[in-house]
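Subject: Structure handover

Dear colleague,

Please find the structure below. My notes on it follow.

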Amino acid sequence: MFEFIRNNQKIMQFVLLLFIAPAFALFGLEGYNTVSADANALAIVGDYAISPEEFDQVKRQRIEEARAQSGENFDPKVFESPEVNRQLLDTLVLQYLLQQSVQKQYLTASDKALANDIANTPLFQVDGKFDLETYKRELAARGLTPNQHEANVRFGLARNQVLDPVLRASFFPNTLKTQLDDVQLAGRVVRVKNFDLAPYAAKVNITDEQIAAYYESNKALFMAPQKADVEYVVLSPDTIKSKIEVSDADVAAYYEQNKARFSTPEERRARHILLDAEKEGASADDLKAKAEKVLAELKASPGKFAELAKQHSIDTGSATQGGDLGFFGKGAMVPEFEQAVFSQKKGELSGLVKSQFGYHIVEVTDVRGGEVQTLAEVKAQISDEIKGQKMTAQYADAQGRFAELVYEGGQSFDNVVKELGVAKQTFNGLTQATPNAPDALKDAKMMAEIFSSDSIENKNNTKAIQVGDAMVSARVVNFTAAAARPLDDVKVAIQARLKQEEASKAAMKDAEALAAKLDAEKPKAGSELLNDFADAKTVSALGAEGLPGLVAQSVLNTGVSELPKAKVIGLGNTGYTVAWVESSAPSSEIKAKADPQVVQYYENIAGQVYQEALLLAARDAMKKRVDVEIKKTF
């Protein structure tokens, strides 16, 4: 199933990438209203400059999303092409066009629409119902507070007012769908014959003279790389931190100054009944009177809280739970609600609390947290924090001193080892492509220093190089220059290569001769010319019937007007295929025989392409209201 998709992962990843739109609902709008005047901007949308840093951040996020979707088939090289970079930038431009279009048209979303959207988001539900703990956990995992998320969702709802007219028009017309199918899905009926190199190679004899001549003409192919045995020293933040001592008095003073940090945050469990404060067709006085009536009934019968919540609360997520919101801490709720909850005693009933969502009647049902950890419990943590603070203050000076010491040391690291306490390390057989070399040495700038003429000829310490958070210096102890490997060492490899080349020439000659004969005679099924060919197969964008990708692609590239047509297709080191492309197959026949899931997948992609075209048209319309300048073309 999905054979074609599996065989064309890179193509599919690129197609899918084009439709990864930024997620306003869960990933930050916090910076969208901040005007930037970055001189290095990649694009300017209205009064907002898209910086290289923002672009890189979005790109990293898209890479992780694609990695999660594709699993083992993920190929990060997909994201290195100019086309992908242009598409990502175009996506960011569309974001800000939407954002500024919303602002210019003064669009917003009501509190009720906001509450309903959040309550109905599956990510925040447990067993199909909104769950406050899940809501807080999922937002925290994304580095967002409820207030930030609500701002994001409110903007998303307003943005949809711009996009909805486009999306409602994005049904895929049948006539266009049929035309696209005819272009994209028409198949080719093909027979193939393989010319494997192995039988040809068995007949090839390579002489010692041929091997020697090839070696002399291609010595550059058989060079052993230059290599070095090196000593090196690394100054890292941990080097400094490990030598810092912290007294018990320092720990105790720190504890007293930061005692609030070592307290378990107080959390409260509450339940509420949410009633309308604004409603179309109803006056504010009537709505308040209704809320007061529910409050009076509750005060008369406190045990009916759950029953009245189910009956009256407009918060559908908590109403079914008797109004229960679970435990939450400060900062999780809107200010008015939070103030009421954290000022009440357990079991106490509030009056009417008005927020942007309506009137709340609140009861605190439980309290937990607020305990202070003892000094003994947090002593190790405090000691580590103090060391970290002192290390930060000392590390900059140590970096400067490290650079001085490795320079002054000339051809030795003894002084830097003695003064800064770093360890001298060794690595033998270092080349510029050693896979198992330490990270400190694999850095490109470090490699350039190690293999510089001063380092090689004079064996001086290299200058100090910043590698990640650390400073590194190295010196060459022994050096071996690049040199051609002896003929005896590479003789077998040369013989195999020459055999491969001669076999390939012979196989290609036979394949091309057969192809020419097929084109000349145009044989039909049953012809002797086709006796050694495999049975006819139908190749299309939805399936290749087991043919290698190179063969399938070449066959599909054969124009209908050329048929029937013979093609010779190289298979790399294994040989050649002669493909006799007999005829075309209509798209209707292809779809009828294909896996229904593959057909559906194709149709979804085609529909997305059409919707993308509509969105781009909408973007062009928005550009008439907001100026856009693209400053980076990749």
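Which residue of β11 is the bridge partner of R271? It is E363. This is a predicted model, in which local features need pLDDT of at least 70 and side-chain atom pairs count only at pLDDT 80 or more, while totals for chains, interfaces and linings use all residues. Residues are numbered from 1 along each chain as its sequence is written, and side-chain values use heavy atoms, with hydrogens and water left out.

The sheet

Helices (H or I, at least four residues) and strands (E, at least two) are DSSP runs, numbered from the N terminus. Two strands are taken to pair if DSSP finds at least two bridges between them. On that basis, 4 strands form an open antiparallel sheet in the order β9-β8-β11-β10. β9 (324-328) and β10 are the edge strands, each with a single partner, so one side of each has no neighbour in the sheet. From one strand to the next the twist averages 35°. Axes are lines fitted to C-alpha atoms, for helices over the stretch in contact, and angles run from 0 to 180 degrees between N-to-C directions.

The antiparallel pairing of β8 and β11 runs over 9 bridges. Two helices on the sheet come next. Helix α14 packs on the sheet and touches β8, β10 and β11; the direction of α14 makes about 50° with that of β8. Helix α16 (residues 335-343) also packs on the sheet, touching β8, β9, β10 and β11, and its direction makes about 165° with that of β10. Contact here means heavy atoms within 4.5 Å.

Helix α13

Helix α13 (residues 284-300) has 17 residues, which at 1.5 Å a residue should span 24 Å; its end C-alpha atoms are 24 Å apart, so the two values agree. The expected span is 1.5 Å times one less than the number of residues. Buried means under 20% relative accessible area, exposed over 50%, and partly exposed in between (1.4 Å probe, protein chains only). L287, A291, V294, L295 and L298 of α13 are buried. They lie on the same side of α13 because they cover an arc of only 100° around the axis, the arc being that of the directions from the helix axis to the C-beta atoms. On the other side of α13, D285, D286, K293, K299 and A300 are exposed. The buried residues of α13 pack against β8 (267-275), α14 (305-312), β10 (349-355) and β11 (358-368).

Backbone exceptions

Most residues other than glycine have a negative phi, and most peptide bonds are trans. The bond joining L563 and P564 is cis, with omega about -10°. P564 is in the loop between α23 (549-556) and β17 (565-570).

D127 is not a glycine, and its phi is positive, near 55°. D127 sits in the loop between β3 (125-126) and β4 (129-130) and is exposed, with a relative accessible area of 75%. K522, also not a glycine, has a positive phi of about 45°. The loop that holds K522 is between α22 (487-521) and β16 (537-539), and K522 is partly exposed at 38% relative accessibility.

The whole chain

The chain has 25 helices and 19 strands. Of its 634 residues, 40% are buried. Among contacts with a separation of 6 or more, 73% are between residues 24 or more positions apart.

Regards
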